[in-house]
Amino acid sequence: MAEPLIIVGAGGHGRETAFAHQLANPPDSFLGFLDDRCTGATAEGWPVLGTIDAAARNPHARFVIAINDPRVRRTVAERLRVLGVERWASVIHPEVRLHRTVQLGIGCSILGGSQVTTSIRIGDHCIVNRGCQVSHDAAIGDYCSLNPGACIAGGVSIGDGCEIGSASSIRQGTRIGRGATIGMGAVVLRDVPEEAVVAGCPARLLRSNDPW
């Protein structure tokens, strides 16, 4: 029997994560959402159980944070730990097959259509959204978000807290510094410094994020 799951964040990614979970688990294994801004139920009829503080009332549940912004996700994870949350779930769409050499951290979600091949390390609380490709020997830090259709080539290293834009491509062997943002559709051909925001084809520096 599947352990009960609560998803933190009832927005679009949270609802897609709930759908992926229910494809491979009994419907009653998903208890609902916690969200500070949403009440009642989602358009799909899934219940919102309360604010994030309600996590303390569900000690037997497992949790996954389905909020796309890496900085917000880190803040929420720290808040949940203060509330005593120690049981984290990873949600993997049933289409996705992970080779035994893939190291997957706690509290991750990998959605449908993604390909994660061999000898890959994905850190804690990461999101691999729909249709991403993560190739051999890639290393992805904690709290990273790979948006739909991102393509990570072999041997790429991505630091903590990075957001990789939809349909972007990162060249083999490239290093992305922590806290960096890769714009939608960007083609990254060289290393990206920490906290840099890059976009374009080839990708160029636009500005810097706040320190991670």
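**Reading the labels in this predicted model**

Threonine 42 lies in the loop between strand S2 (30–34) and strand S3 (48–50), where strands (E, at least two residues) are DSSP runs numbered from the N terminus. This is a predicted model, in which local features need pLDDT of at least 70, side-chain atom pairs count only at pLDDT 80 or more, and totals for chains, interfaces and linings use all residues. Residues are numbered from 1 along each chain as its sequence is written, and side-chain values use heavy atoms, with hydrogens and water left out.

Q: Why is threonine 42 called buried?
A: The relative accessible area of threonine 42 is 11%, and buried means under 20% relative accessible area (1.4 Å probe, protein chains only), so the label applies.

Q: What makes the pairing of the side chains of threonine 42 and glutamate 44 a polar contact?
A: The two side chains are paired at 2.8 Å, whereas the definition asks for a pair of N or O atoms within 3.5 Å, and, within protein, for one able to donate a hydrogen and the other to accept it, residues adjacent in sequence counting only if both atoms are side-chain atoms.

Q: Why is aspartate 137 called partly exposed?
A: Its relative accessibility is 46%, and partly exposed lies between the buried limit and exposed, which is over 50%, so aspartate 137 falls in that class.

Q: What is said of the phi of aspartate 137, and where is this residue placed?
A: Aspartate 137 has a positive phi of about 65° although it is not a glycine, and it sits in the loop between strand S11 (133–134) and strand S12 (139–140).

Key. Helix = DSSP H or I, 4+ residues; strand = E, 2+ residues; numbered from the N terminus.
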